[in-house]
Amino acid sequence: MNYPPFIDPDFVRPEREVIRVEREVGRVGVPPIRVSVETFLDPNAENVLYYAWIGKRLGLIEQAQVGPNLEQTSLYKGIFYQFGRVEIEIDPCIDRLRGVDSETLWVFVADRRFVRVAGDGVQVEAGGYLDSHAWVFEFDAGLCSN
C-alpha cells in the first residue's frame, strides 16, 4: 500500500512559517535567504522523491528529485525512510521581489512524478501522494534601497 511522503516541521529551516526580513544595521546589502528541508520522510521505501520549490511571485525556482539518505540505519520514529537534504537561497532584492512587501515560498514533495508544475502548485501522477510546506517572508520597506 502506498502512503504519502511527509515534511516534518522539525526538519524545515527556518522553523518559523512567517519570517521578517530586515536590513542588518551597519551591513551593506541584504544577504540571501537560505531555506531548507533537512530530510523528507516517507513510510514507503521509494527509490526517489520528487520536489519543487515555487514562489508566489518567483514561480518555479527548482524542480528535481532526491534519493534515500544512505546513512540511515533504522527507520525514523520506527516508521519513515529518510531522504536527502534540499536547500535554496532567495535574493530578496532581485527584480521580481523588489518593492513588494512579502513573498510566499512553497516546497512540494511527492512520491510520483509531477505531471504539472506551475506557479500555483503542482499535480502528481495518478496513484501518487503529495505534501507541502510554506513560508511567508515579510520584507521591511526600503529593504533593498541603496
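Student: Where does proline 43 lie?

Tutor: Proline 43 is in the loop between strand S4 (41–42) and S5. Strands here are DSSP runs of E with at least two residues, helices are runs of H or I with at least four, and both are numbered from the N terminus. Before we go on, this is a predicted model, where local features need pLDDT of at least 70 and side-chain atom pairs count only at pLDDT 80 or more, while totals for chains, interfaces and linings use all residues. Residues are numbered from 1 along each chain as its sequence is written, and side-chain values use heavy atoms, with hydrogens and water left out.

Student: Fine. What is the relative accessible area of proline 43?

Tutor: The relative accessible area is 23%, so proline 43 is partly exposed. Buried means under 20% relative accessible area, exposed means over 50%, and partly exposed is in between, with a 1.4 Å probe and protein chains only.

Student: And which residues is proline 43 in contact with, leaving aside its neighbours within four places in sequence?

Tutor: Tyr3, Pro4, Ile79, Phe80 and Tyr81. Contact means heavy atoms within 4.5 Å.

Student: OK, the core. Which residues have the most contacts inside the largest nonpolar core?

Tutor: Val35, Val37, Phe40, Trp53, Leu105, Trp135 and Phe137, in a core of 28 residues. Strand S2 (18–21), S3, strand S5 (49–55), strand S8 (86–90), strand S9 (102–110) and strand S12 (130–139) each give two or more residues to this core. There's also a second, separate core of nine residues, including Ala52, Ile54, Phe114 and Val124. A nonpolar core is a set of buried Ala, Val, Leu, Ile, Met, Phe, Trp, Tyr and Cys residues joined through side-chain atoms within 4.5 Å.

Student: What about serine 36, is it buried or exposed?

Tutor: Serine 36 counts as buried, because its relative accessibility is 2%. Serine 36 lies in strand S3 (residues 33–37).

Student: Which side chain does the side chain of serine 36 make a polar contact with?

Tutor: The side chain of glutamate 38, at 2.7 Å. A polar contact is a pair of N or O atoms within 3.5 Å; within protein, one must be able to donate a hydrogen and the other to accept it, and residues adjacent in sequence count only if both atoms are side-chain atoms. Beyond four places in sequence, serine 36 is in contact with Phe11, Val12, Arg13, Trp53, Arg85, Val86, Glu87 and Trp135.

Student: New topic: which residues line the largest pocket?

Tutor: Ile19, Arg20, Val21, Glu22, Glu24, Val30, Pro31, Pro32 and Ile33. S2 gives the most to that lining, with three residues. A pocket is an open set of points on a 1 Å grid over the protein atoms alone, where a 1.4 Å probe fits, with protein on both sides within 12 Å along at least five of seven lines; lining residues have an atom within 4 Å of a point.

Student: Now lysine 77. What is its phi?

Tutor: Phi of lysine 77 is near 55 degrees, a positive value in a residue other than glycine. Lysine 77 is in the loop between strand S6 (59–66) and strand S7 (81–82), and with a relative accessible area of 57% it is exposed.

Student: Last one: where does tyrosine 129 lie?

Tutor: Tyrosine 129 is in the loop between strand S11 (121–124) and S12. Its relative accessible area is 37%, so tyrosine 129 is partly exposed. Not counting residues up to four places away in sequence, tyrosine 129 touches Asn2, Tyr3, Pro4, Pro5, Val109, Ala110, Asp111 and Val124.
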